[in-house]
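Work through the exercises below with the sequence and the coordinates at hand, and try each task before reading its solution.

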Amino acid sequence: MISFVLGVEDLADTRFALSPLSETVVSLRVLYDPGLSALHLPWRRSILRRTGALDSALLMSLVSRRLTLPDFLTPRPGSFAPDFDAELAVARRTPAGLVRRDLLHTHAPDPLPEALCDAAGDDASVVRLRDAVCELLRQYWEIAVKPMWPQMRLVLEADMTYRARQLAVGGARLLFAGMHPNLRWHDGVLHIDQMISHHRVAAAGRGLLLMPSVFAHKPAPPLSPEEPPSLVYPSRGVATLWAAAPSVDEPALVSLVGPPRARLLRLLEEPLPTVELARRLRVTPSAVSQHLRVLYATGLVTRARDGRQVLYRRSSLGDRLAGVASQD
């Protein structure tokens, strides 16, 4: 078990962030172990066909037998949504001693894989290995994650909107209880169960960073207790990334409002912005906006502004209409 001790100021400084580099590194677990998630098998098959030219031995050596990953490859984001190159630049500046520590810690108690043997050498060898790993990750990002990153980001932002509402409604206890069964909040301490490591970290004014992930299969704090408290956790809505556009089989609802608006009503069980609705339905945002205006004018959906975007959700009337259709 790993525990984060969070004071009042740490809770006040709890924030969310997106990390394309972390998502790229975490995705390696899915390539290493296809049994982690059946949802990602279509993506995995596609990526394996396109990464044949990469150094697969070095790439897969970043994941240990226990599925742990090196901390230096997932640096703490300094802003809400840094770009991949900025995050990779931070990883490239990691001192040789920390690179060596993280690689050894990742694979302990096993020996280092042959592809990482330079990590046991002098600092110059470790720096060359670090740079080779970072360049390989850049190539892998271009092939495996970057093409889907805009859609992934929408899913992750929708998750953060939902979590923020949980925090507002029920505080930290409800926020963490809904993230994953391995998380427990008790007396100012966040406990993360079923961890390989066992340590307790006092946030001590450093706050807590939460990062939703498409590829995470369970909550993942940093491997080293010396790192500031942060947590990568499984995002909601991941199945929508690879699923076909939803179809509606409720004839009465379709006859009443038409197929496009019926699909929208089905999706609006949770607050979603226009761009995310358009992505899931595979249509343009302008087409979605036209239907949302009609549904809003008839009282079937509500809307609220969240920063720069407007979130739509089924109204109580919309819920009743969708519920009647599902029962018929």
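**Exercise 1. Determine how many cavities of 30 Å³ or more the structure holds, and describe the lining of the largest cavity.**

Solution. The structure holds 2 cavities of 30 Å³ or more, a cavity being a set of points on a 1 Å grid over the protein atoms alone where a 1.4 Å probe fits but cannot get out. This is a predicted model, in which local features need pLDDT of at least 70 and side-chain atom pairs count only at pLDDT 80 or more, while totals for chains, interfaces and linings use all residues. Residues are numbered from 1 along each chain as its sequence is written, and side-chain values use heavy atoms, with hydrogens and water left out.

The largest cavity has a volume of about 40 Å³, volume being the space filled by probe spheres set on the points, which are joined across faces, edges and corners. Its lining, meaning residues with an atom within 4 Å of a point, consists of Ser19, Ser22, Glu23, Trp149, Leu156, Met211, Pro212, Ser213 and Val232. Two or more of these residues come from each of α2 (20–32), α8 (149–177) and β6 (209–213), and β6 gives the most, with 3 residues. Helices (H or I, at least four residues) and strands (E, at least two) are DSSP runs numbered from the N terminus.

**Exercise 2. Identify the residues that line the second largest cavity and sort them by class.**

Solution. The second largest cavity, with a volume of about 40 Å³, is lined by Leu154, Glu157, Ala158, Thr161, Pro273, Gln309 and Leu311. At least two lining residues are supplied by each of α8 and β10 (309–314), and α8 gives the most, with 4 residues. Sorted by class, the lining has 4 nonpolar, 2 polar and 1 charged residues, where Ala, Val, Leu, Ile, Met, Phe, Trp, Tyr, Cys and Pro count as nonpolar, Asp, Glu, Lys and Arg as charged, and the others, Gly among them, as polar.

**Exercise 3. Describe how helix α3 packs against helix α7, and name the residues that meet.**

Solution. Begin with the geometry: α3 (residues 41–50) and α7 (residues 123–145) pack at an angle of about 130°, with their axes 10 Å apart; axes are lines fitted to C-alpha atoms over the stretch in contact, and angles run from 0 to 180 degrees between N-to-C directions. The two helices are therefore oblique to each other, because angles under 35 degrees count as roughly parallel, over 145 as roughly antiparallel, 65 to 115 as roughly perpendicular and the rest as oblique.

Turn next to the residues: Trp43, Ile47 and Arg50 in α3 meet Tyr140, Ile143 and Ala144 in α7, contact meaning heavy atoms within 4.5 Å. These residues divide into 5 nonpolar, no polar and 1 charged.

Definitions and conventions: On a 1 Å grid over the protein atoms alone, a cavity is a set of points where a 1.4 Å probe fits but cannot get out, and a pocket is an open set with protein on both sides within 12 Å along at least five of seven lines; lining residues have an atom within 4 Å of a point.
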